[in-house]
Amino acid sequence: MEHVGARLRRWRVRRGLSQRVLAELAGFSQGYVAQIESGAAPLERRAAREALARALQISVGELTGRPDDGASGSPVGPAAIAGLRAGIVALAVPLVAGTAEPEPGDVDTATLDRFYGACRYDLLVPALAEALGVLASRGAAGGSGPAHLRSVIEVCATTVATCVQLGHPDLTLVPAGVAMRTAEQLGEPAHLGLANYARIRAVGATAGVERVVDEGIARLHPYVGSDPVTAGSYGMHHLIRAETAARAGRAAVAAAHLDEAARVAAHTGERPDDWFSFGPTNVEMWRLAILVALGDGPAAGAPPPGFRPEALPSAQRRATYFIDLARALLQGRGRDDAAAAALYRAETIAPQQVCASDGARQALRTLLSRPRYGRDGRLRGLAARAGSWPRPDGLLSGTPRRCRSG
């Protein structure tokens with residue numbers, strides 16, 4: 001039997017972590033991790049097993065080799081979601097944020113962006129809950145300077161995107177509304193674009209979503225030539241408008257909006273550090289997703305010359321692309337091996353995105369329903385981590401969620 005240290009090392013290497021980085025993530029010394037991997041130190045304490053499994057983004061059972069230790073399922077537990085809900089309530093009704101004086105300085109939106117881009121929802125959700133509480137207390141104190149208003153919009157937009165990713169659409173309406181009202185007060189086109197995009201994500205698949213998108217396109221259009229950040233928001237509005245049309249089966253409308261987004265991307269060039277990482281690479285990624293939504297994934301063919309998903313710093317965006325690629329391949333015939341490889345690559349990039357993605361779970365279920373993969377241990381392990389494989393009690397380790405990446 002493979003001892004737990006060997007399993008620890010195998011997972012560490014698969015995640016691309018050094019012993020030092022793993023030790024820092026788990027709160028241990030590098031020497032202790034090295035001793036566990038060599039078999040010199042037993043891993044007997046439950047707290048230590050949980051800390052290492054959490055750092056590796058796997059279940060304790062996968063670390064120990066004991067299935068009864070449980071599967072990963074959702075990357076965020078109920079307590080963290082309850083904390084996020086409390087932060088959203090505080091933002092909506094500032095009086096419940098307490099009477100403490102606001103802390104000096106401003107919330108660290110850069111850290112929130114980094115957690116979101118890395119798909120570390122386990123770190124992001126508590127950080128968002130804290131940021132929302134801070135903003136609520138400052139709102140109650142009357143803070144209204146431009147820096148404060150920008151922080152409110154950016155935190156609310158990240159909250160909406162996170163709630164959509166994790167399958168909690170009921171939590172999106174308040175932050176989306178606050179973001180839009182704050183953006184109107186601020187009056188800056190770039191932040192108006194960000195806030196309206198958050199509102200689109202909150203509205204979701206309702207009948208009125210296209211009107212919300214079209215309103216944003218009309219408001220942003222005058223600034224496309226002069227402000228590349230606003231142009232990126234404008235382009236993203238066209239991409240999401242193309243996706244809504246594709247889901248309704250309107251291929252010509254989807255193609256027109258996709259073409260407009262491509263035209264804008266040719267003007268802005270690659271902007272990997274903007275909110276949306278908008279540019280030709282991201283437009284090509286969305287092209288694939290839109291073809292999948294139309295049920296025509298095989299029409300995507302080979303990516304254009306020079307297409308490099310790794311050029312985008314956002315692990316969330318790159319992992320979503322490979323999930324979409326797997327779905328596109330499964331819409332054709334004879335591409336199961338390539339689809340499985342795409343899912344493995346997505347998990348290598350961002351394990352928690354695979355857990356959060358309904359599209360990934362659907363692709364995994366499709367593969368596991370086919371004779372060749374039904375007994376494939378590696379794929380079953382990935383499915384269990386994503387909440388797409390039955391536990392011993394016959395239930396899935398995760399619950400169905402709807403999400404779409406930005």
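Reply: A charge is taken to sit over a ring if NZ of Lys or CZ of Arg is within 6 Å of the ring centre and within 35 degrees of the ring normal. In this predicted model, Arg 378 is placed over the face of Tyr 344, at 3.6 Å from the ring centre. Arg 14 likewise lies over the face of Trp 11, and here the figure is 4.3 Å from the ring centre.

Rings also pair with one another. A pair of aromatic rings is described by the distance of the centres and the angle of the planes. The whole structure contains 5 aromatic pairs. In one of them, Phe 28 and Tyr 32 have ring centres 5.2 Å apart and planes at 80 degrees, so this pair is edge-to-face. Phe 28 itself is partly exposed, because its relative accessibility is 22%. Tyr 116 and Tyr 121 also make an edge-to-face pair, with 6.4 Å from centre to centre and 80 degrees between the planes. Both Tyr 116 and Tyr 121 are buried. Elsewhere, one aromatic cluster is made up of Phe 307, Tyr 321 and Phe 322.

Setting aside neighbours within four places in sequence, Ala 23 is in contact with Phe 28, Ser 29, Gln 30 and Val 33. Ala 23 is buried, as its relative accessible area is 1%.

Charged side chains come next. Side chains of opposite charge can pair when their charged atoms come close. The structure holds 21 salt bridges. One of them joins Glu 50 and Arg 46, at 2.9 Å from N to O. Because these two residues are 4 residues apart in helix α4 (residues 46–56), about one helical turn separates Glu 50 from Arg 46. Glu 50 is partly exposed at 32% relative accessibility, and Arg 46 is partly exposed at 35%.

Asp 122 forms a salt bridge with Arg 120, with the closest N and O atoms 2.7 Å apart. Asp 122 counts as buried at 18% relative accessibility, and Arg 120 counts as buried at 13%.

A further salt bridge connects Asp 214 with Arg 241, the closest N and O atoms being 3.0 Å apart. This pair links distant parts of the chain, since Asp 214 belongs to helix α12 (residues 209–220) and Arg 241 to helix α13 (residues 228–247), 27 residues apart. Asp 214 is partly exposed at 34% relative accessibility, whereas Arg 241 is buried at 10%. Glu 210, Asp 214, Arg 241 and Arg 250 are linked in a network of salt bridges.

How values were computed: Residues are numbered from 1 along each chain as its sequence is written. This is a predicted model: local features need pLDDT of at least 70, side-chain atom pairs count only at pLDDT 80 or more; totals for chains, interfaces and linings use all residues. Side-chain values use heavy atoms; hydrogens and water are left out. Buried means under 20% relative accessible area, exposed over 50%, partly exposed in between (1.4 Å probe, protein chains only). Contact means heavy atoms within 4.5 Å. Rings of Phe, Tyr and Trp (its six-membered ring) pair if their centres lie within 6.5 Å; planes under 30 degrees apart count as stacked, over 60 as edge-to-face and the rest as tilted. A salt bridge is a side-chain nitrogen of Lys or Arg within 4 Å of a carboxyl oxygen of Asp or Glu.
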